[in-house]
Structures are given as structure tokens and as C-alpha cells.
Amino acid sequence: MLSLNDTPFQPATLQLTGIPGMQTGHAWVALVFCILYLISITGNLSILTLVVRDPALHQPMYYFLSMLSLNDLGVSFSTLPTVLATFCFNYRHVGFDACLVQMFFIHTFSFMESGILLAMSFDRFVAICDPLRYAAVLTNSRILAMGLGILAKSFITLFPFPFLVKRLPFCKGRILHHSYCLHPDLMKVACGDIHVNNIYGLFVVIFTYGVDSAFILLSYALILRAVLAIALQEQRLKALNTCMSHICAVLAFYVPIIAVSMIHRFWKSAPPVVHVMMSNVYLFVPPMLNPVIYSVKTKEIRRGIFKILHKSQS
């Protein structure tokens with residue numbers, strides 16, 4: 001039976017889900033998500049503030065780190081409204097058009113993160129393999145152009161998705177499997193011919209995650225070759241140490257993606273809670289870990305944090 005605002009093809013609202021099988025304990029889950037959001041938002045805002053205020057951090061590496069922090073804030077704020085509504089207020093309904101908007105922004109920021117990590121690997125490649133031309137290659141105008149290129153690429157490739165979804169009828173119910181809207185989740189409740197959506201989705205994944213990860217691996221293969229050519233072991237370790245924060249950020253981003261893909265491909269009978277938890281790890285862990293990684297592993301960021309803390313105490 002259609003509600004007053006439903007159409008024969010699209011429901012007026014969709015119902016979000018918390019964690020399948022969890023009937024109690026939602027207060028603890030809400031607390032965990034609030035802590036994750038607090039760490040992510042505070043950490044990324046702190047890094048942005050540090051880079052803006054400290055002239056010593058006005059360097060290409062930290063400009064790219066600012067892009068990563070800004071993007072991680074975008075990921076967090078894209079999921080925050082529906083996640084908090086679901087777990088804190090037990091409000092599980094989202095308008096169909098609002099769901100499409102959220103889907104677009106979640107996927108756009110996720111794909112942008114991959115592009116930013118690629119740009120950061122290029123930064124490390126130039127710094128180690130051609131240090132004398134580092135400042136000449138990575139000028140402010142080129143860094144800005146790279147950032148705008150990443151934004152344009154993600155926006156253009158993801159822009160058709162809401163329209164591809166909106167053309168479909170939805171006759172398999174209105175219950176989604178997450179506390180936010182994702183394209184694969186919407187495809188499970190859509191009927192009609194979804195081949196175009198699936199094929200275009202596969203193309204976008206290969207064009208972004210596939211190409212970006214391949215170039216990141218190539219960058220580090222060239223970096224490793226350059227490092228092994230250094231005579232002194234102390235200088236080798238020093239060169240590799242400048243890459244450790246970025247390597248950790250890459251692993252934090254790509255390992256959950258690979259895990260989700262492997263479970264989807266080889267463990268089709270996995271309980272729904274496994275798919276939901278892995279998706280949560282993929283969306284919530286990188287924005288939370290990135291500021292922690294760079295605060296712990298980057299001396300200049302640590303120094304900036306201590307300087308701010310010292311000023312606040314005095």
C-alpha cells in the first residue's frame with residue numbers, strides 16, 4: 001500500500017538500519033560513534049588550524065595534508081546526520097531525495113580521498129627522488145591545480161549516480177542495511193534493469209581506486225629504488241621515515257576497501273552484521289586515524305601541537 005507521498009516507482013522515505021541483530025546496546029553503539037566523530041572532527045580541524053597558523057608548515061606536504069583533513073571532515077559530516085539520528089534518537093527514516101544527496105557526497109568524498117593519497121605519494125616521490133627540484137615542481141599553483149583536478153574528477157564521475165538511481169523503480173521494500181545511504185545498498189531494493197548502474201559503478205571503482213592504487217604502488221616502487229641507491233643506512237632510514245605517515249594513511253584507507261571487496265566476493269553467506277561493520281570501518285576509521293597518524297609520526301605536527309598547548313597553559 002503506497003503512502004500519500006509515495007509514487008508507484010519511488011518511496012517518499014527510506015528506512016535506515018542500525019546494526020543487524022542488535023536489539024539492545026544501542027546506547028553503547030551511539031557512544032562509540034560519538035567518540036569516533038569527536039576524534040575525527042577535532043583532529044582534522046586541529047591539523048587544518050595548525051597548517052594555516054604556522055608558517056613553518058606552509059610547505060607542499062602539509063598543503064596536501066590539509067586537503068586530506070578537509071576531505072575527512074567532509075566524510076564525517078556526510079554520514080553524521082543519519083548515523084546520530086539512527087543511534088541517538090532512534091529516528092530511522094530519510095527522504096528519498098535526501099538519501100540520494102547523502103549517497104553522492106559520501107561516495108564523492110571517498111573517491112576524493114583516494115586521489116589525495118595519490119597526490120601525496122607524488123609529493124613523497126619528488127621529495128625523495130628529485131629533492132633539488134622539489135620546490136620548483138610542487139609550486140602553490142600546481143598544488144592548487146592538483147586539488148581542483150581531484151575535486152573535478154570525483155564530482156564528474158559521481159554526478160550521474162543520483163540520476164541513474166532516480167530512474168529506477170523501487171519495489172523490493174524500503175529498508176536499507178546501513179545507517180547511511182550507499183549506492184550498492186540502494187541497488188538491493190531497486191527493481192528493473194540495474195545493469196547500467198552496476199557497470200558504471202564498476203567503471204568508476206576501477207577508474208578511481210584501481211588507477212590511483214596502481215600509481216601509488218608505482219610511486220613507492222620508484223621511491224624504494226631511490227632509497228636503496230643511497231649509500232648510508234642512516235640516510236636510507238631517514239628517507240623512508242618521511243613516508244611512514246603516508247604509508248599508514250594509505251593502509252588505513254585501502255585495507256578496509258580490500259576487505260569489503262573480498263568478503264563480498266568470497267564470503268557471500270556472511271551475516272549482514274559483517275558487511276555493515278566492515279562498511280562502518282571503511283567510512284569511520286580513516287577520518288579518525290589520519291590526524292592521529294600524522295600527529296604521532298610527523299615531528300612538525302607534534303611540535304605545532306605542543307606549541308599551541310604551551311600557549312594555552314601560559
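Buried, on this tour, means under 20% relative accessible area. Keep that in mind as you click around this predicted model.

Select Cys243. With a relative accessible area of 1%, it falls under the 20% cut-off, so Cys243 counts as buried. Cys243 takes part in no disulfide, and the nearest cysteine sulfur, which belongs to Cys129, sits 8.8 Å away.

**Stop two: the disulfides.** How many disulfides does the structure hold? There are two. Start with Cys99 and Cys181, whose sulfur atoms are 2.0 Å apart. This pair ties together distant parts of the chain, 82 residues apart: Cys99 belongs to helix α3, and Cys181 to the loop between α6 (160-166) and α7 (183-189). Turn the view to look at the S-S bond: at -125°, the link is left-handed. Both Cys99 and Cys181 are buried.

Now pick Cys171 and Cys191, again a disulfide with its sulfur atoms 2.0 Å apart. Cys171 lies in the loop between α6 and α7, while Cys191 lies in the loop between α7 and α8, 20 residues apart. Is Cys171 buried or exposed? Its relative accessible area is 57%, so Cys171 is exposed. Cys191, at 12%, counts as buried. Counting bonded cysteines along the chain, the disulfides follow the pattern 1-3, 2-4.

One more cysteine to click is Cys34, which is in no disulfide; the nearest cysteine sulfur is that of Cys88, 4.1 Å away. Cys34 is partly exposed, at 32%.

In soluble globular proteins, nonpolar side chains tend to be buried together. Here, the largest nonpolar core has 73 residues, and among those with the most contacts inside it are Leu117, Phe170 and Tyr294.

Then zoom in on Tyr294. Beyond its neighbours within four places in sequence, Tyr294 is in contact with residues including Ile47, Met120, His246 and Ile301.

**Stop four: two crossing helices.** Show helix α2 (residues 60-88) and helix α11 (residues 272-297): their axes come within 9 Å and cross at roughly 145°. The crossing is left-handed. Among the residues making the contact are Met61, Leu65 and Asp72 of α2, along with Phe284, Pro287 and Tyr294 of α11. By class, the contact has 10 nonpolar, three polar and one charged residues.

**Last stop: Thr208.** Find Thr208 in helix α8 (residues 195-228). At 2% relative accessibility, Thr208 counts as buried. Leaving out residues up to four places away in sequence, Thr208 touches Phe111, Ser114, Lys153 and Ser213.

Key:
Residues numbered from 1 in each chain as written. Predicted model: local features only at pLDDT ≥ 70, side-chain atom pairs only at ≥ 80, totals over all residues. Heavy atoms only, no water. Core = buried A, V, L, I, M, F, W, Y, C linked by side-chain atoms within 4.5 Å. Buried < 20%, exposed > 50% of the residue type's maximum accessible area, 1.4 Å probe, protein only. Contact = heavy atoms within 4.5 Å. Axes fitted to C-alpha atoms, helices over the stretch in contact; angles between N-to-C directions. Helix = DSSP H or I, 4+ residues; strand = E, 2+ residues; numbered from the N terminus. Left-handed = near helix turned anticlockwise from the far one by under 90°. Nonpolar A, V, L, I, M, F, W, Y, C, P; charged D, E, K, R; others polar. Disulfide = S-S within 2.5 Å.
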